[in-house]
Amino acid sequence: MDQLKELLEKRWEDINRSALELLQRLIRTDTQNFVDEGTEMEAVRILQEVFDEAGVTYKIIESRPGRGNIVARIKAKDASASGSQGALLLNAHLDTVRAPKTNWREEGWKHDPYAAEIDEEDGCLYGRGAVDMKHMVAMSVTIMCYVAKLGIELSRDLVFAGVADEERTDSAWGAKYLVENHPDLVEADIVLSELGGISLHLDAREIFLVQVAEKGSAQLRITSRGPGGHGSVVHKNNPVALVGNIAHKLATTRLPLRVNDANKATIESLARALPYHKSLFFRWLLSPSLSGYLLSMLPEEQSRNFGAILSNIATPTAIGGGEQFNQVPTTAWLQVDGRFLPGCTSAELIEDIKQLVGPELFVAKPDPSGHPAAPMVTVEVIQERPSYCEDLDNPTCQHALEVMRRVIAARAGGAPIVTNLLPGGTDLVQYAAHPHRKPVCLGFSPIRFPKGLNMSALFHGVNERIPVEGFKWGLQVLFDVVLDLCSARAV
């Protein structure tokens with residue numbers, strides 16, 4: 001390994017430049033996800049060119065017109081020597097959420113979201129996809145290419161999957177499509193993807209999160225009903241007012257605390273990384289009598305993030321009903337982004353919602369004539385995605401985490417890693433459902449952020465950006481982890 005590190009040290013300037021240039025090319029390529037349409041094939045063509053130049057073999061899968069996926073592989077030097085050891089797979093999605101092509105200044109952007117410009121003041125590279133997650137595409141592809149160019153020998157196959165459609169709930173044309181239709185291409189022992197290896201500054205301590213679990217999601221539609229009528233008089237059972245009240249309650253009231261293995265492990269991992277008095281504070285977040293009060297004492301961003309891993313979440317995202325100014329409609333609707341903890345179900349999430357807004361609203365009552373009537377409020381699940389949670393006692397998982405812990409400590413002045421439950425969703429849940437081999441799925445797409453930069457606001461946000469030095473740091477860390485997990489050696 002020392003010989004290999006010496007070899008790489010001589011090439012780091014070239015490696016950094018290649019990765020940064022590739023990231024800029026990818027950001028300048030518009031791959032917004034419009035749900036039914038996408039242009040990920042344009043990014044695939046760039047990666048195809050890069051892999052061809054480095055001599056890396058790959059396969060392109062266009063799941064539907066424009067929705068491109070690319071899977072590249074570098075085989076182990078001696079397949080028989082690796083025995084039953086499966087591949088290490090680096091996953092990154094090629095699509096992004098939306099950003100303005102014109103009038104971007106009016107929407108608050110400092111730089112054109114598709115220009116990939118480096119700001120001279122803060123040293124950040126601006127652009128849609130900079131952290132979510134074209135940086136991981138650029139890092140992974142660069143690592144694959146230099147492993148090939150330098151003739152580095154690996155003890156297991158190294159695979160890269162650049163996938164489409166992650167920014168839609170079900171990843172229908174990306175990772176999910178590959179797992180269901182091309183499982184042999186993405187079979188692995190370990191999958192690394194978003195979201196982890198990212199620095200977080202908690203008071204004076206720098207820590208690095210590594211995702212080991214994520215919440216499930218349920219897109220819900222809540223419908224209210226009433227008799228309707230003329231808008232010139234007050235109506236007690238106004239469906240618009242009813243869904244408005246429900247939206248307000250969901251937006252301003254926490255659902256009940258639910259302590260389980262996933263969030264307890266996150267809190268315990270964090271507590272171990274903090275001084276004693278701080279560790280007590282975070283452990284008390286698991287207390288039913290103290291949790292709400294302690295969350296209210298945290299800074300807003302921390303309160304929001306920790307609250308999201310301690311309970312199910314139901315966030316109103318759209319509302320509608322009625323067409324005329326002078327007519328009270330008979331129905332109104334509320335769209336809700338629901339997130340449920342590992343070990344919970346969408347049915348339990350819905351029960352939490354009912355208990356909050358009033359379970360009697362969801363019960364059918366007879367009308368004055370005694371005939372059964374529909375409930376005033378109903379809930380339906382439009383689309384659902386499961387949760388996942390790693391077994392932290394799994395030897396493969398323990399080994400991978402130990403490698404990450406060792407590498408980050410060496411590259412970040414002894415900073416610890418904290419295993420965490422992600423409130424959002426990633427492609428890892430798709431790989432966790434692989435039909436032939438269930439891999440260890442870890443969020444690890446490393447970036448080092450300076451203190452004061454609100455990391456969570458960058459994802460899907462205005463002025464999405466990545467610190468250039470933090471990107472280069474992440475490239476080194478990911479390269480170190482890959483080489484260690486693949487028992488790499490120089491020729």
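The model is predicted: local features need pLDDT of at least 70, side-chain atom pairs count only at pLDDT 80 or more, and totals for chains, interfaces and linings use all residues. Residues are numbered from 1 along each chain as its sequence is written, and side-chain values use heavy atoms, leaving out hydrogens and water. Helices (H or I, at least four residues) and strands (E, at least two) are DSSP runs, numbered from the N terminus.

**The sheet**

- An open sheet is formed by four strands in the order β11-β13-β9-β14, with antiparallel pairing; two strands pair if DSSP finds at least two bridges between them.
- Its edge strands, β11 (313–320) and β14 (377–385), each pair on one side only.
- From one strand to the next, the twist averages 25°.
- Strands β9 (residues 216–225) and β13 (residues 331–340) run antiparallel and are joined by ten bridges.
- Opposite Ala218 stands Gly338 in β13.
- Helix α11 (residues 346–357) packs on this sheet and touches β9, β11, β13 and β14, its direction making about 45° with that of β9. Contact means heavy atoms within 4.5 Å.

**Helices packed on α15**

- Two packed helices are described by the angle between their axes and the distance between the axes. Axes are lines fitted to C-alpha atoms, for helices over the stretch in contact, and angles run from 0 to 180 degrees between N-to-C directions.
- Helix α4 (residues 134–149) and helix α15 (residues 468–485) cross at roughly 50°, their axes coming within 10 Å. That makes α4 oblique to α15 (angles under 35 degrees count as roughly parallel, over 145 as roughly antiparallel, 65 to 115 as roughly perpendicular and the rest as oblique).
- The residues in this contact include Ile143 of α4 and Leu475 of α15. By class, the contact of α4 with α15 has eleven nonpolar, three polar and no charged residues.
- Helix α12 (residues 395–411) packs with α15 at an angle of about 140°, the axes being 10 Å apart. The pair α12 and α15 is therefore oblique.
- Among the residues that meet here are Arg406 in α12 and Asp480 in α15. By class, the contact of α12 with α15 has nine nonpolar, two polar and four charged residues.

**Leu453**

- Leu453 lies in the loop between β17 (440–443) and α14 (455–458).
- Leu453 counts as buried because its relative accessibility is 18% (buried means under 20% relative accessible area, exposed over 50%, partly exposed in between, with a 1.4 Å probe and protein chains only).
- Apart from neighbours within four places in sequence, Leu453 is in contact with Leu458, Arg465 and Pro467.

Methods. Ala, Val, Leu, Ile, Met, Phe, Trp, Tyr, Cys and Pro count as nonpolar, Asp, Glu, Lys and Arg as charged, and the others, Gly among them, as polar.
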